Amino acid sequence: NTVNVQEDEEEDLPTNNEPIDINSVEGVKVQSHPFKKMLAGKRGGHLELANYTPHDRFFVYLGKPATLERMLDAGAPFIASVGAALTGNSLNYGLEKRYLKRLGMEREQLHAILKSGLIGEMALFCPDLFFIDGTDLTVIAKVEQPGLINGLFKLLNPQGELSDSIMKMAAGDQPAYVALRGNLLFLSTNRSELEKSLKLQETDGKNSLGESDEFRYMLTKLGITNKTRGYAYFSDPFVRRLVGPKVKIGQLRRILAKRQMEALTASGMLASIDDPETTLSVERLRAKGYIPNDCRCEGYDLDQTGMVHSKAYGTLNNMRTLIDSPVETITSQEAKAYAEYLRNYSSYWRRFFDPIAIRLDESAPQQLEVSTFILPLVDNTIYNALRMALETDRTANTLAVPKLEPTPVVKLSLNLSETTWQNIAETFSEIFTSYTGTSAAVLDDLGPSMHLAIFDSDPIIALGSGDVFGAFGASMSGMNTEMMMIPIALSMFTRPCSIFIETRNPE
């Protein structure tokens, strides 16, 4: 959606070609919740590793570090394909291998460290969520025997020294950085990110995420338990950073550079097919007509393998992060584009930024439970529909979840509202009577809970990406709700599955 730029607002933006200092561009002005007041003088929750994390970073805590290795696995094929719903495609970007390499490690080394039991608990943080294009990752771990960890990293990097200094490790094209402080191990893809974390450790967490009123309050609403495997947190300052001009304009520039690099790569491949002996360069591709004469290709080069190199962003398979490509000045066109984005964003989020906490618990052996807590949400049709369809914490009976053998790979349990069950009864009463010969009054005794259990198997019928999640991908985006349910139903019910519906009248 676009919003017309008001004339009085345009007057505030530069009209010449002079560069604009990025620090002079205002970001979103949505206010924060009064967390200090909401704590009402109480201390709130506490999580030590959050004390070494900057307040404006995405934070993940792992109470059981062995969980990390399982998260890196593809898991059941049915669940692994959920990425199609999020990205609109089923490409495998190899993020596990890429980020382990950037940290100077291989999967076998990670397995050995986690298997040894030397890591008691672990946390990681990132400055943004652009994992596919490239971001920086910092890991903080509590170690049981620092001396052994020191020796292990010396073996990985014999030339380095792990003490009170920061050790630089070879990690592919870019180095990784390691530091040991007491029983705390710090490992990062970026030295400046590591230094931020070390400074917080030196100052006992002053101005950190863990010491913020916001995080301590949110822990009172969704805290860490002895069953917690993972805890992800999107803070107010992190969301504010993501929608701020430095990150938005920085990512815009990188996306445009990526598009240019992909176009040059394709042109180079075509030229090599036409003439395998050709010398690849931007000038030669332009002279041969593979790229237009008006192509702005300054700062790009091709090597003889056809790989495009950008002076600002590196290569396509290893693009520089936004931390390594900071935005200092912008053009008037970029300023206008961000002002337009700001107006659209502010029209939806007028009152508060809403931090989000997500907790993953091992509720029972071989059973995981995800809980989330979000402060008052924006008025949105999706959320309102969920509020209408599901019981809330003010009205719900306890959700009775059946224990199933064998254990399904997905089990969806819902407490449906009385209104929803009435709608179901009205919709299916005629069909129910026609096919069962039983009075539709039986439907009145159903609820409130309904459960769907799906067992992993190759589909008999595959539409879209071949799984239930594919129905939500880009290829289905033009369909209405009724049409979208067809591939969902066909894909879901051609797998071994069971449906359980609670009844108020078992007899």
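This is a predicted model: local features need pLDDT of at least 70, side-chain atom pairs count only at pLDDT 80 or more; totals for chains, interfaces and linings use all residues.
View 1. Strands of a sheet pair through backbone hydrogen bonds, either parallel or antiparallel. Here E16 and strand E17 (residues 446-454) run antiparallel and are joined by six bridges. Leu-414 stands opposite Met-450 in E17.

View 2. Ala-453 is found in strand E17. Is this residue, Ala-453, buried or exposed? Ala-453 counts as buried because its relative accessible area is 0%, and the cut-off for buried is under 20%. Leaving aside neighbours within four places in sequence, Ala-453 is in contact with Leu-404, Pro-408, Val-410, Lys-411, Pro-496, Cys-497, Ser-498 and Phe-500. Ser-413 lies 40 residues from Ala-453 along the chain, yet their C-alpha atoms are separated by 8.6 Å.

View 3. Strand E8 (residues 228-234) and strand E14 (residues 356-364) run antiparallel, with six bridges joining them. Within this pair, Gly-230 has Leu-360 in E14 as its bridge partner.

**View 4. The largest nonpolar core.** How many residues does the largest nonpolar core have? There are 32 residues in this core, and Met-122 and Leu-185 have the most contacts inside it. Several elements give two or more residues to the core, including strand E2 (58-62), strand E3 (119-126), strand E4 (138-143), strand E5 (167-169), strand E6 (176-181) and strand E7 (184-188). Helix H7 (107-116) and helix H11 (236-242) also give two or more residues. E3 provides the largest share of this core, four residues. Another core, of 27 residues, lies apart from the largest one. Among the residues of that other core are Ala-179, Leu-184, Leu-219 and Leu-222.

**View 5. The contacts of Met-122.** What does Met-122 touch, not counting residues up to four places away in sequence? The residues are Leu-49, Val-60, Tyr-61, Leu-62, Pro-65, Leu-68, Leu-114, Val-139, Ile-140 and Ala-141. Met-122 is one of the residues with the most contacts inside the largest nonpolar core.

**View 6. The second largest pocket.** Rolling a probe the size of a water molecule over the atoms shows where empty space is left. The second largest pocket has a volume of about 950 Å³. Its lining has 23 residues. Nearest the centre of this pocket lie Arg-253, Leu-256, Ala-257, Arg-296 and Tyr-300. Helix H12 (245-274) and helix H14 (332-348) each supply at least two residues of the lining. H12 gives the largest share of the lining, seven residues.

**View 7. The largest cavity.** The count of cavities of 30 Å³ or more comes to one. About 40 Å³ of space lies in the largest cavity. Which residues line the largest cavity? The lining consists of Arg-98, Arg-102, Asp-133, Gly-134, Asn-317, Asn-318 and Met-319. At least two residues of this lining come from helix H6 (95-102), and at least two from strand E12 (318-319).

**View 8. The whole protein, for reference.** The protein has 17 helices and 18 strands. Of its 507 residues, 40% are buried. Among contacts in the protein with a separation of 6 or more, 70% are between residues 24 or more positions apart.

Notes: Residues are numbered from 1 along each chain as its sequence is written. Side-chain values use heavy atoms; hydrogens and water are left out. A nonpolar core is a set of buried Ala, Val, Leu, Ile, Met, Phe, Trp, Tyr and Cys residues joined through side-chain atoms within 4.5 Å. Buried means under 20% relative accessible area, exposed over 50%, partly exposed in between (1.4 Å probe, protein chains only). Contact means heavy atoms within 4.5 Å. Two strands pair if DSSP finds at least two bridges between them. On a 1 Å grid over the protein atoms alone, a cavity is a set of points where a 1.4 Å probe fits but cannot get out, and a pocket is an open set with protein on both sides within 12 Å along at least five of seven lines; lining residues have an atom within 4 Å of a point. Grid points are joined across faces, edges and corners, and a volume is the space filled by probe spheres set on the points.
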